[in-house]
Amino acid sequence: YCCMIMRINVDCNACCRKLRRIILRMKVIENHLIEKQQRRVCVFGRFEPADVAIKIKKKMNRRVEILEVQEMEGEVQNEGE
């Protein structure tokens, strides 16, 4: 598992919806968070960070900057669900 934080310029609600649709269609991403004001997107799942960034860049036609990648060890339990 890994958690990746990216910077993407999503300046309007339509861009935000388009980005959300792209992320939801990716099977490898389990969870995501889009922070429009900070222009940050956080995704979590089993994926190769560069591949996800390239795919989003191609579909959004915008610059994607990887800010941080954290590798998670072992299985993660969802508590409170």
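These notebook entries record what I looked up in a predicted model.

**Ground rules.** I number residues from 1 along each chain as its sequence is written, and I leave out hydrogens and water, because side-chain values use heavy atoms. In this predicted model local features need pLDDT of at least 70 and side-chain atom pairs count only at pLDDT 80 or more, while totals for chains, interfaces and linings use all residues.

**The sheet.** I looked up the strands (DSSP runs of E, at least two residues, numbered from the N terminus, as helices are from runs of H or I, at least four residues) and their pairing, which takes at least two DSSP bridges between two strands. Four strands form an open antiparallel sheet, in the order β2-β3-β1-β4. Because β2 (29–35) and β4 (64–71) stand at the edges with a single partner strand each, one side of each has no neighbour in the sheet. Neighbouring strands are turned by 15° against each other on average, direction ignored; for this, axes are lines fitted to C-alpha atoms, for helices over the stretch in contact, and angles run from 0 to 180 degrees between N-to-C directions.

**Strand pairs.** I found that strand β1 (residues 2–8) is joined to β4 by seven bridges, running antiparallel, and that Cys-2 has Glu-71 as its bridge partner in β4. Six bridges pair β2 with strand β3 (residues 40–45), also antiparallel, and there His-32 is partnered by Val-43 of β3. The β2 and β3 hairpin has four residues between the strands, and Arg-39 takes a positive phi near 55° in it.

**Salt bridges.** I searched the whole structure for salt bridges (a side-chain nitrogen of Lys or Arg within 4 Å of a carboxyl oxygen of Asp or Glu) and noted three. In one of them Arg-7 pairs with Glu-65, with the closest N and O atoms 3.6 Å apart. Since Arg-7 lies in β1 and Glu-65 in β4, this pair ties together parts that are 58 residues apart in sequence.

**Charged patches.** Glu-48, Asp-51, Glu-71 and Glu-73 gather in a negative one, with Asp-51 placed in helix α2 (residues 49–60). Arg-17, Lys-18, Arg-21, Arg-25, Lys-55 and Lys-59 form a positive one, to which α1 (13–25) gives the largest share, four residues.

Key:
Patch = residues over 30% accessible without salt bridge, like charges linked within 9 Å, V, L, I, M, F, W, Y side chains within 5 Å. Areas by Shrake-Rupley, 256 points an atom, 1.4 Å probe, with all protein chains shown as cover. Lys, Arg positive; Asp, Glu negative; His and termini not counted. Charge placed at Lys NZ, Arg CZ, Asp CG, Glu CD.
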